[in-house]
Amino acid sequence: MKFRFLFLIVLMYHLGYAQNADLDASKKAKINHIISLFKKNNRADISNHINYPLRREYPIPEIKNKKEFQQRFGEVFDQILINRIAHSTLSQWSEVGWRGIMLDNGTLWIDSYEGKITAVNYESSFEKNLRKKLIEKERESVHPSLKKFKLPVYKLKTEHYLIRIDELPDGKYRYASWKKGCKESSQPDIILNNEELDFLGSGGNHVITFSSGNYIYKIYRNIITEENGSDVSLEVEKDDQVILTQNGTLAAPR
């Protein structure tokens, strides 16, 4: 199963996270400004209304700045998406708490206060093909024991570890970890297979739990968290006692 951010946002929407109250005049003005930018289709103007870095679905690299955005604009915003934004109406936009304002069920997100684009949960034909190529390239670069996977899910770095989570052909998950500074082409220190993903409540947060003897390894993915909270974290238990907790960052592709 492929757990994209868009899927999680759709889940949040249907579980009542979207606020149906009328948007105030200031927020309506921000939405209308974004719509007008896409009607003009001026990538230079649009590049000034992006909250960088703009993440793309792993393993596609994030877009780091205005210059890179203008170079890669057509990769993200094909004519289908441009038209969808340019011809949208205010009724298609909803505010979802502090996370901002979304178009439809999360195709596009803007910040409630500055009106900048914070996320684009849409995959153009170009990005679909690019992602396939990058996945195969990544498959070639990992240790032979890790080459069999369906999709890369997360790669994260904590204070002491590099951790890789892959979805396997049977829909379950695999955990591989190295000490910080090691390469993925080297033999992992730990490989754990055949675990499943569990959602934590209704906000999209989830945990993937792996076990090995009397040890339990948990990877928490925090979609909804406090502002400035960690996107991902590692927790290790031994004999039902937590012996390690480390926040992590989602690693960018090589």
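How many salt bridges does a search of the whole structure find? The answer is 15, where a salt bridge means a side-chain nitrogen of Lys or Arg within 4 Å of a carboxyl oxygen of Asp or Glu. I'll come back to some of them.

First, some ground rules. This is a predicted model, so local features need pLDDT of at least 70 and side-chain atom pairs count only at pLDDT 80 or more, while totals for chains, interfaces and linings use all residues. Residues are numbered from 1 along each chain as its sequence is written, and side-chain values use heavy atoms, with hydrogens and water left out.

Okay, let's look at helix α2, residues 25–40. The helix and strand names come from DSSP runs numbered from the N terminus: H or I for helices, at least four residues, and E for strands, at least two.

Which residues of α2 are buried? They are Lys27, Lys30, Ile31, Ile34, Ile35, Leu37 and Phe38. Buried means under 20% relative accessible area, exposed means over 50%, and partly exposed is in between, using a 1.4 Å probe and protein chains only. Seen down the helix axis, the buried residues of α2 fall within an arc of 155°, so they line one face. The arc is taken from the directions from the axis to the C-beta atoms.

Now for what sits inside. The largest nonpolar core has 26 residues; such a core is a set of buried Ala, Val, Leu, Ile, Met, Phe, Trp, Tyr and Cys residues joined through side-chain atoms within 4.5 Å. Our helix α2 gives the largest share, 5 residues. Among the residues with the most contacts inside this core are Ile34, Phe38 and Val120. Val120 touches, among others, Leu54, Phe77 and Leu108, not counting residues up to four places away in sequence. Contact here means heavy atoms within 4.5 Å. Apart from that core lies another, of 16 residues, including Tyr154 and Ile165.

Next, a glycine: where is Gly115? You'll find it in the loop between β3 and β4. Gly115 is buried, with a relative accessible area of 3%. Leaving aside neighbours within four places in sequence, Gly115 is in contact with Lys30, Ile34 and Ile110.

Back to the salt bridges, as promised. Glu95 and Lys27 meet at 2.8 Å, N to O. That pair links strand β1 to helix α2, 68 residues apart, and both residues are buried. Then Glu127 pairs with Arg56, the closest N and O atoms being 2.9 Å apart. Here Glu127 sits in helix α6 and Arg56 in the loop between α3 and α4. Finally, Glu138 meets Arg164 at 2.7 Å, and salt bridges that share partners join Glu138, Lys155, Arg164, Asp166, Arg174 and Glu184 into one network.

How values were computed:
The expected span of a helix is 1.5 Å times one less than its number of residues.
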